[in-house]
Amino acid sequence: MSVKWPFAVAMISSGCAGASGPGAAPATLAAPVPAVSTAAMAAHLKYLADDQLEGRAPATRGGRLAAKYIAAQLKLLRIDPAGDDGGYLQTVKFMRRQRGAPGAEPTEATTTNVVGILRGSDPKSSKETILLSAHLDHLGIGREVNGDSIYNGADDDASGCTAVLELAEALAAGPRLKRTVVFALFGSEEIGGYGARYFQEHPPVPVESFVANLEFEMIGRPDAAVAPHTLWLTGYERSNLGAELAAHGARLVADPHPEQNFFRRSDNYVLALKGIIAHTVSSYGLHSDYHRPSDDLAHVDFAHMTEAIESMVEPVRWLVNSDFKPQWNKGGKP
């Protein structure tokens, strides 16, 4: 999550399951193929949170490598590109100030979003869009803590990027969807949300077509403040989206940390200000590794993260195939 916030692998990989033959006994049922591959999930996390990406800071080599990796994964999944010039990448220029030099003139920098699209099949419903998003950046290289200066951001937010990729795989592999789905990975949430702001100004579909946005942020560990096997939704009380997803099987409850005002502290808020019903799915339990070099792969709870992502697959599929249009509750619109 943003600076206010206190789930050996080849670079290009994709999990798949095999087929069964006709020789099995009639009474034997094959085990269902999991919607989420733990191996593929671990591969994404291992790459994105590796020291070689140097913390994925915006406008750095590591940030660009993360964007190219995610773009390559979307291509493998046959998600259509929806970025600049027929590709997956969306180049975002912004003015930034140099750290430690308050009097210096701002300089131009460039960050990168990754955008893919899965077009709906229904002539009417395909004109409506569900946005699934996360931020791909973290803090880069910073102050050394216990001999480590690389802020890997495994939970924040390689976990969210992994959720979007796994949901993309599950949705693309199933029956054709009624509504259109856009997958967006934003490149500068940690320094001001330039990527999300640029995206909403240059969307691949009309911005008024967005029915809902689910941002995925910090789902790499469970939160002890809620029941086991549970995720929470920022701003749950602001709209009827969370309750409706929960009614269709999502293990979503209200944010147990209202004093942190998390609804306003991720890229969903940029879109919510445009009127889009936009919330963040998380299980961040205010752990002490937040924005420290120790937010690394060793601290990810893979069992929790696999279950967390898998628990959202069918509720999201329902949302994409339904006619339901979430609404702001009274006083909920920011």
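The exercises below work through helix packing, strand pairing and backbone geometry in one predicted model.

Residues are numbered from 1 along each chain as its sequence is written. Because the model is predicted, local features need pLDDT of at least 70 and side-chain atom pairs count only at pLDDT 80 or more, while totals for chains, interfaces and linings use all residues, and side-chain values use heavy atoms, with hydrogens and water left out.

**Exercise 1. Describe how helix 1 packs against helix 2.**

Step 1. Locate the elements. Helices (H or I, at least four residues) and strands (E, at least two) are DSSP runs, numbered from the N terminus. Helix 1 covers residues 38-48 and helix 2 covers residues 61-76.

Step 2. Take the geometry. Two packed helices are described by the angle between their axes and the distance between the axes. Axes are lines fitted to C-alpha atoms, for helices over the stretch in contact, and angles run from 0 to 180 degrees between N-to-C directions. For helix 1 and helix 2 the angle is about 160° and the axes are 10 Å apart.

Step 3. Classify the angle. Angles under 35 degrees count as roughly parallel, over 145 as roughly antiparallel, 65 to 115 as roughly perpendicular and the rest as oblique. Helix 1 and helix 2 are therefore roughly antiparallel.

Step 4. A crossing is left-handed if the near helix is turned anticlockwise from the far one by less than a right angle, and right-handed if clockwise. The crossing of helix 1 and helix 2 is right-handed.

Step 5. List the contact (heavy atoms within 4.5 Å). Helix 1 contributes A43, H44, Y47 and L48, and helix 2 contributes L65, A66, Y69, I70 and Q73.

Step 6. Sort the residues. Ala, Val, Leu, Ile, Met, Phe, Trp, Tyr, Cys and Pro count as nonpolar, Asp, Glu, Lys and Arg as charged, and the others, Gly among them, as polar. The contact of helix 1 with helix 2 has 7 nonpolar, 2 polar and no charged residues.

**Exercise 2. Repeat the analysis for helix 1 and helix 7.**

Step 1. Helix 7 spans residues 302-321, and its angle to helix 1 is about 110°, with the axes 10 Å apart.

Step 2. Helix 1 and helix 7 are therefore roughly perpendicular to each other. Their crossing is right-handed.

Step 3. On the helix 1 side the contact uses T38, M41, A42 and L45, which meet F302, M305, T306 and I309 of helix 7. By class this contact of helix 1 with helix 7 holds 6 nonpolar, 2 polar and no charged residues.

**Exercise 3. Is strand 7 buried or exposed, and which strands does strand 7 pair with?**

Step 1. Apply the accessibility classes: buried means under 20% relative accessible area, exposed over 50%, partly exposed in between (1.4 Å probe, protein chains only). In strand 7 (residues 180-186), 7 of the 7 residues are buried, so the strand is largely enclosed by the rest of the structure.

Step 2. Separate the faces. In a regular strand the side chains alternate between the two faces of the sheet. T180, V182, A184 and F186 point one way from strand 7, and V181, F183 and L185 point the other way.

Step 3. Find the partners. Two strands pair if DSSP finds at least two bridges between them. Strand 3 (residues 107-118) pairs with strand 7 in the antiparallel sense over 5 bridges, and G116 stands opposite F183. Strand 4 (residues 129-135) runs parallel to strand 7 and is joined to it by 7 bridges; here T129 stands opposite T180.

**Exercise 4. Where does N146 lie, and what is the phi of N146?**

Step 1. N146 is in the loop between strand 5 (140-145) and strand 6 (148-151). These strands are antiparallel and joined by 3 bridges, with V145 bridged to D148.

Step 2. The hairpin has 2 residues between its strands. N146 has a positive phi of about 50° although it is not a glycine.

Step 3. N146 counts as exposed, at 78% relative accessibility. By contrast, Y151 of strand 6 is buried at 7%.
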